[in-house]
Amino acid sequence: MWNLAGAELLLLSSGDEDDDGSMVLGVLGAAVVRVCDAGLVRISHPVNERQTVETLVDSSPQRRLTPVKSVTLPKRGKVFVVSKEGFLHQISTTEKQTAVPFPLVPSLLSVTEDEKILIAGSERTLSLFNINRDSVDRFLDLQHDDNVLSSCVSSDCRLLVSGAADQLIRIWSVTTGALLDTLCGSDSPVTSVVLYYGFVVSASTAAADVHLWNLKYDTDHKPIGHIPAGCAHAAVAKDADRVFYVRQQNQTEVISWNNNTGCVSERLAVSAEVCCLELAQNKRLLFCGLTTGTVLIYPLALPQETLCIPPPESLSRVLCLAVSSQEKHMAVAYEDSISLFEITTRDSFPTLEGPLQGLPLSLLHAPLSSMALLSDRKLLYGTSCGEVRFHDFCNGRSSDLEAHRGRVTCVTVSNWGTRALVGSEDAVLRLWSLSPLVLDHTMEYKGFFFEGVLSAAFSESDQFVFTGSLDRTVKVWDVATGDLLYVQYVYSPVVRMVTVRNGFVALSQQGSVIREVFRCPEVVSPDYNPLRNVKARYRITSREKTSQVVQQSPGSDLEHYNPALFNLNLVGKLREKPSSACLIL
């Protein structure tokens, strides 16, 4: 304990016999309140060196004092301590200590400025209590969508601000309990909030920045609510109305987010940790792979009617899932094998048959990181070591494709099943023709930062392919020539993409849903530069009779990069200008 005037050390807990196992509960004026392991409360006065007062709390097992949270009430001269045994202890320097039952074990405990209301947070509930002389009475429960981490009440006790693990700040009415507003924009759990007049200051232990919010703003400019940033797993519906996500890696719950209302619509409990999510867009089925090897299937129309694929005999965890474009088959990749299932219906209810075929994997085989299933029971998959293989379940044959130098992060098949795109952490894209199986184009993109590819989707006509990368851009490539047509900055890496008419729906790492359309004008110009606003370069290697390589001149730098240095006869015709319709809606 330090004296702020002069920085004088007043009290030092050195771990001797007197202070063995003690915990400081609070400071009341010049008195320090501590509790020992045996339930002995010590009230010491290090400033005026008055005699230390020791009080033994009720020694009965039911009222043993194992502190969980404590808060100081200086105006009342008390320290409130909630014990693990379920009691609220009131410790005072002048009055007798009391203990009353308390209904919850809080992770958050605070009082209002006038010390009339006690605020306690436990998991997703924030409870408010009126403070009486020797007891507290609960009068309000505020429910959240995730664990409550912080709270603050205005000086007039009319407004309450709470921060939660879902990265949202909520504004409540203390008198009615109504949710008045929700502030989104934090990219990390809100662990601290302060309400000062019409402003809210928020911070997080997981971020280095501090946010300032003005409660008096134009609601027309309010950002749209989105799922928490950095979710472990996520899947988005093609109509962008639903997003399914698992917030933390070890979480045993899948959350359904209504993108139209900007709030959680449903929670799907699972029996084990979720490894991956996949969505059958047309049949409206959500697939969840678990660490136990089980695959759960939720029909979105009847989410309570859960289907289940039991784990394999080896009890290997599920690594990834893939659904064919026509949604007739599904492949499940385990640590030691890959199984093929058929998606059917029985009595107008979806069912799964199988496994129809299986592909055993050797112990030396690298774990699968991404895969895509064709409608004719062919599977294209990549591994964490960069290996790429093509397997035909009908005849059992497998082919090794050109490997990547990093983890394969996306494998995408075109809508008609004629081409496939494989991307990896090494920022290399390879566009394959599947019949016959040959490499058409190798597209390499190099910027100053993070180039790895995270997601991809073919356009509805298979004329273009869209990619999302770690450099926070969406790129459009011409499937026939491999040309880079457009680069758009979207402020956050795109982790999932789904094809829609004239464009795609995507989900960013920040949690936002992106709806984008792309139209390519017919007028072309050899002077068009897709990198005119981007400091980067790209190279295309195509399967041509001359086996030429399109590349940037080695003597030029990024800042003065000119696409005219490319062999335009091989690159093909680039578009004259970006489409005016290529934008985030």
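Modeller: The model is a predicted one. I begin with strand β46 (residues 494-500), which pairs with β47 in the antiparallel sense over six bridges. Within this pairing, Val 500 has Gly 503 of β47 as its bridge partner.

Biologist: Which residue takes a positive phi in the hairpin of β46 and β47?

Modeller: Asn 502 does, with phi near 65 degrees, and the hairpin has two residues between the strands.

Biologist: How is β47 joined to β48?

Modeller: β47 and strand β48 (residues 513-517) are antiparallel and pair over five bridges. Val 505 stands opposite Arg 515 in β48. These strands also form a hairpin, with four residues between them, and Gly 511 in its turn has a positive phi of about 105 degrees.

Biologist: Why is strand β47 called largely enclosed?

Modeller: Six of the six residues of β47 (residues 503-508) are buried, so the strand is largely enclosed by the rest of the structure. Buried means under 20% relative accessible area.

Biologist: Which residues of β47 are buried on each side?

Modeller: Gly 503, Val 505 and Leu 507 are buried on one side, and Phe 504, Ala 506 and Ser 508 on the other, so that both faces are covered. In a regular strand the side chains alternate between the two faces of the sheet.

Biologist: What makes strand β5 mostly covered?

Modeller: In β5 (residues 40-45), five of the six residues are buried. Strand β4 (residues 31-35) pairs with β5 in the antiparallel sense over four bridges, and Val 35 stands opposite Val 41 in β5.

Biologist: Why is Glu 327 classed as buried?

Modeller: The limit for a buried residue is under 20% relative accessible area. Glu 327 stands at 5%, and so counts as buried. Its place is in the loop between β30 (318-323) and β31 (329-334). Glu 327 also has a positive phi of about 60 degrees although it is not a glycine.

Biologist: Why is Arg 472 called partly exposed?

Modeller: The relative accessible area of Arg 472 is 41%, so the residue is partly exposed. Arg 472 is placed in the loop between β43 (464-469) and β44 (473-478). Its phi is positive, about 65 degrees, although Arg 472 is not a glycine.

Biologist: What makes β7 and β10 edge strands?

Modeller: Four strands form an open, antiparallel sheet in the order β7-β8-β9-β10. β7 (67-73) and β10 (98-101) each pair on one side only, and are the edge strands. From one strand to the next, the twist averages 20 degrees. Strand β9 (residues 87-92) runs antiparallel to β10 and is joined to it by four bridges, with Gln 90 opposite Thr 98.

Biologist: Which residues touch the most other members of the largest nonpolar core?

Modeller: Leu 421, Tyr 445 and Leu 484 do, in a core of 18 residues. β40 (428-434), β41 (437-446), β42 (453-458), β45 (484-489) and β49 (537-542) each supply at least two residues of this core. β42 gives the most, with three.

Biologist: How do you know that Tyr 197 is exposed?

Modeller: Tyr 197 has 70% relative accessibility, and therefore counts as exposed, the cut-off being over 50%. Tyr 197 is found in the loop between β19 and β20. Together with Val 194, Tyr 196, Phe 199, Val 201, Val 210 and Leu 212, Tyr 197 forms a nonpolar surface patch of about 770 Å² accessible area.

How values were computed: Residues are numbered from 1 along each chain as its sequence is written. This is a predicted model: local features need pLDDT of at least 70, side-chain atom pairs count only at pLDDT 80 or more; totals for chains, interfaces and linings use all residues. Side-chain values use heavy atoms; hydrogens and water are left out. Patches are made of residues with over 30% relative accessible area and no salt bridge: like charges are joined within 9 Å, nonpolar side chains (Val, Leu, Ile, Met, Phe, Trp, Tyr) within 5 Å. Accessible areas come from the Shrake-Rupley method with a 1.4 Å probe; for residues, only the protein chains shown count as cover. A salt bridge is a side-chain nitrogen of Lys or Arg within 4 Å of a carboxyl oxygen of Asp or Glu. Buried means under 20% relative accessible area, exposed over 50%, partly exposed in between (1.4 Å probe, protein chains only). Two strands pair if DSSP finds at least two bridges between them. Axes are lines fitted to C-alpha atoms, for helices over the stretch in contact, and angles run from 0 to 180 degrees between N-to-C directions. A nonpolar core is a set of buried Ala, Val, Leu, Ile, Met, Phe, Trp, Tyr and Cys residues joined through side-chain atoms within 4.5 Å.
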